[in-house]
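Hi everyone, thanks for coming.

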Amino acid sequence: MTSLIVHSAAPFNAEPNLDRLRASFVTDAEDFYVRSHGDIPQLDAATHRLRIDGLVDRPLDLSMPELRDLAPHRTVGAVLQCAGNRRADLQPVKPTTGDPWAPGAIGYARWTGIPLYEVLRAAGASAASHVAFTGADVVEEAGQRVRYGVSIGMQRALQDDVLLAWAMNDKPLKREHGYPLRLMVPGYAGVRSPKWLTSITVQDRPSDNPMQQQDYKLLPPDIDAETVDWNAGLTIDAMPLNSAICTPQADAILSPGCTEVRGYAIASGRAVARVDVSPDGGRHWVQAALQRDPEEPAAWIFWQTTLDLPAGEHELVVRAWDEAGQTQPASAAEVWNFKGYLCAAWHRVKVIVT
Ligand SMILES: Nc1nc2c(c(=O)[nH]1)N[C@H]1C(S)=C(S)[C@@H](COP(=O)(O)O)O[C@H]1N2
Ligand SMILES: [Mo]
C-alpha cells in the first residue's frame, strides 16, 4: 500500500506528504511522486527491447543485457519534478486544468544507466536536431489514443548526464517509475523523461506526438482552454528556480515560541545562492541555513531556519535566489496559466499559533 496522497487512481497520480519528502535528502522510491497519463504497462526486463532508428547509420534493436553491455554504467543524482508541481497555488487565482499538486511532485534520486549519447553513437546518429522517444503506455491526448511520445533537442541529448536509466537509488526501477527502462534528463520537466521506453528516433524536428505538440506548454495568461493556440505556448524543458516550505504545513496549529521551518529549493542552470524565509507574509526576512550536495549540481537544496512566532495567525513565506541575483515572483497571479504549469511564485503557508 502506498503512503502517497493519491490525486487519481487511474491514471495513477500521487505525491508524498511534505514532512516525509523533507525527511531524507535522497527520496526513497516509496515516497517518490508518480505522474502517469495512462495505465502502467506490465513489462519484463527479460524480453524488453529498445529500438533506435530514424536518421542513423545503423538502426539498433537492443535487449536489456545488450544495452547494459554497450557502455560503462553511470550514476547521476538528479531531481525529477513535474511541470505541474505546486499547481494548487495557481488555482485560487483562477481555475486551471489538471490535478491540484502540492509542492510534492518532485523528488531527488540517484539514477543508474548509460548515457544516451553512447547509444546514439553506437547507432551512428547523424547531426540531426532532435531525439524523439516513445513509451509503451497508451495515453489520451487531444482526443486521440496514442503511445506516449516526447522529444528533446540534440544538444541536450548529447550531454553526459542524460541517462537511459534502469535503476533508481541502486534498485531496479519500480513499475510506476518506468521499469525496466526510462530516460532521465536532469533539470528538465518530468514530461521529457519518458518511462517504459521502447524507442528512440533521431529526427530533424520535434516529436509530432500530441504530448509534445499540445501539452506541457506554457501559455500566455490571456489564453484558456477555449481559445488555446498551442503554437503560442513555450515548450517546457528547463524548470525555473523554485522553493517550498515542507514543515510546518498549511493550516498547522503551533505552540508559541520557536518553530523549525524546513523545505527545499531547486536551481535552474545557476546554483541556489540564498534562501529567505519570512514570518509575516514577506515584510521581514531571515536567511535559512542551506544543505547541499556539492558533488551533484542537479541536486536540490534542503534549507532550514527557526522562527519565534507569537500567538496569532501568520503567513510564512519562502523565496530562493540564484548566483545571478535572480529570484522568484512574489505572487501566483503573476505566473497563472490555464494549464497550471511552472508555479514558481513565493511559497506561502498560513499557520496558527495558539
Ligand atoms: N511513458 C511515460 N513517461 C512519462 C509519463 C507518462 O505518463 N508516460 N509521465 C511524465 C511526467 S509528466 C512526469 S512528471 C514524470 C513522472 O515520473 P515518475 O512517475 O517516475 O515520478 O514521468 C514522465 N514520463
Ligand atoms: Mo509531469
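Start with Pro180, which sits in the loop between strand E11 (171-172) and strand E12 (182-184). When I say helix or strand, I mean DSSP runs, H or I of at least four residues for helices and E of at least two for strands, numbered from the N terminus. The peptide bond from Tyr179 into Pro180 is cis, with omega near 5 degrees.

Before I go on, two bits of housekeeping. This is a predicted model, where local features need pLDDT of at least 70 and side-chain atom pairs count only at pLDDT 80 or more, while totals for chains, interfaces and linings use all residues. Residues are numbered from 1 along each chain as its sequence is written, chains are lettered from A and ligands numbered from 1 in the order in which they are written, and side-chain values use heavy atoms, with hydrogens and water left out.

Where does Pro248 sit? Pro248 is in the loop between strand E16 (242-247) and strand E17 (252-254), and a cis peptide bond links Thr247 to Pro248, with omega about -5 degrees. Also have a look at Trp196, in the loop between E12 and strand E13 (197-203). Trp196 isn't a glycine, yet its phi is positive, near 50 degrees. For background, most residues other than glycine have a negative phi, and most peptide bonds are trans.

Okay, zooming out. The domain assignment, which is automatic or from a database, gives domain 1 (5-235) and domain 2 (242-353). Their centres, taken over C-alpha atoms, are 27 Å apart. Counting contact as heavy atoms within 4.5 Å, 42 residues from domain 1 and 37 residues from domain 2 take part.

How much area is buried between domain 1 and domain 2? About 3,400 Å², with carbon and sulfur atoms giving 61%. That's the accessible area, with a 1.4 Å probe, that the two parts lose on being put together, summed over both. On the domain 1 side, Arg22, Phe25 and Arg86 lose the most area, together 26% of what that side buries.

There are 2 salt bridges between the domains, meaning a side-chain nitrogen of Lys or Arg within 4 Å of a carboxyl oxygen of Asp or Glu. As for which parts of domain 1 touch domain 2, the elements giving two or more residues are helix H1 (18-23), strand E6 (74-81), strand E7 (106-115) and strand E14 (217-218). E6 gives the largest share, 5 residues.

Last stop, the record. An unreviewed UniProt entry annotates residues 37-210 as "domain: Oxidoreductase molybdopterin-binding"; such annotations use the numbering here, have shortened names, and may be inferred rather than shown by experiment. That span is 10% helix and 39% strand, and its end C-alpha atoms lie 12 Å apart.
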